[in-house]
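Biologist: Can you walk me through this one? Keep it simple, please.

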Amino acid sequence: MVIGICRSFRDRALDRCYHCFPCLSDPARRSSLVLKVTLVMLHLVYVGILFLFDSDLIDKTKKEPWYTALYLLLFFAALVQYFITSGSSPGYVLDAMRVVNETNVICKKSSMAKQRQTASSKNGSLPVEGCQSGRNFQGTDSTSWTKLVMDMYPPGTSVRSCICSYCNVEQPPRAKHCYDCDKCVLHFDHHCVWLGTCIGQGNHCKFWWYICEESALCLWTGILYITYLKANISRAWWNDAIAILLLIPLSIFIVFLLLLLFFHSYLILTNQTTYELVRRRRIPYLRGIPERVYPFSKGVCHNLYDFCCGGSNIYSLEPLPSAQELEEKSRPYTCLDVLTCRCC
């Protein structure tokens, strides 16, 4: 009986909680919220313990306030960048298709309006065919997207091979269906559990800046912890057990973040994604290309420019390179190529 009362009380409490906070009723959103709270708490614990025990840091803050101000600025910048990245869209195929179709409809309507104005100026009346064709805009939306996507593949490619069986939509090159988000993502890189979202064309740049800021913050925090332990090395080690226990996982995080930062920097410079690099032999349009050839690379400088400055349009689509372009990219470098900056 007591167990039944406790269960009913728990169910009522959960119902009230879900009613006040609808996002908690979804398991995926609930786990994402727990991760965000955990990350914020970890940051606060590491910084709080540091300022609580390190008296030398407090004295340095009084003498050189700019030092602590820069550290706290990086601390808040990393947290803000985390929430910006986790809340940003990776660039979904369905959204890109909707934008393309809406643009197509607007262009057709504007062209029809011009035709009507021309006809009315000549005949003094509107043509009937224009109104009838206007009713068929919705029916031609999918056709416009299909044609746009198929033009990016080599001639003779079957439409069925490009359709996602889950979203039932044509996937442009470099797109992939994410089973966690249950959506197709443009330039799919990976699904980040820590951020609770996919990394794709729309937020890859934000993700790189986040891991860069987080790496700098962890490095700075590790240096402060090591400085604190060196200043108190004469004391017994158990007096600083908390700092030592926090420094061990922090060192692991630093190594992981630096490796992740270097790895994604390499991907950016060669215009690749994690999925393309790891699953290269399983992707049909990359299967026959040698591993040392980067089919989508436009040179280091162009890749950097597209990555940093090309984020204004997260729905930009990239066609597959032609056989002639692949042959040019597979050609070995010569001294003349180095002098003419072919890699750039």
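Biologist: Which residues does the UniProt annotation "transmembrane region" cover?
Modeller: The unreviewed UniProt entry lists residues 33–53, 65–84, 207–229 and 241–263. UniProt positions are in the numbering used here, feature names are shortened, and annotations may be inferred rather than shown by experiment. Residues are numbered from 1 along each chain as its sequence is written. This is a predicted model: local features need pLDDT of at least 70, side-chain atom pairs pLDDT 80 or more, while totals for chains, interfaces and linings use all residues, and side-chain values use heavy atoms, without hydrogens and water.

Biologist: What about residues 65–84, helix or strand?
Modeller: They are 100% helix and 0% strand, with end C-alpha atoms 28 Å apart. Helices (H or I, at least four residues) and strands (E, at least two) are DSSP runs, numbered from the N terminus.

Biologist: And Gln81, buried or exposed?
Modeller: Gln81 lies in helix H4, residues 65–86. Its relative accessibility is 14%, so Gln81 counts as buried. Buried means under 20% relative accessible area, exposed over 50%, partly exposed in between (1.4 Å probe, protein chains only).

Biologist: What is Gln81 in contact with, leaving aside neighbours within four places in sequence?
Modeller: Lys206, Trp209, Tyr210 and Glu213. Contact means heavy atoms within 4.5 Å.

Biologist: New topic. How many disulfides?
Modeller: The count is zero, taking a disulfide as a pair of cysteine sulfur atoms within 2.5 Å.
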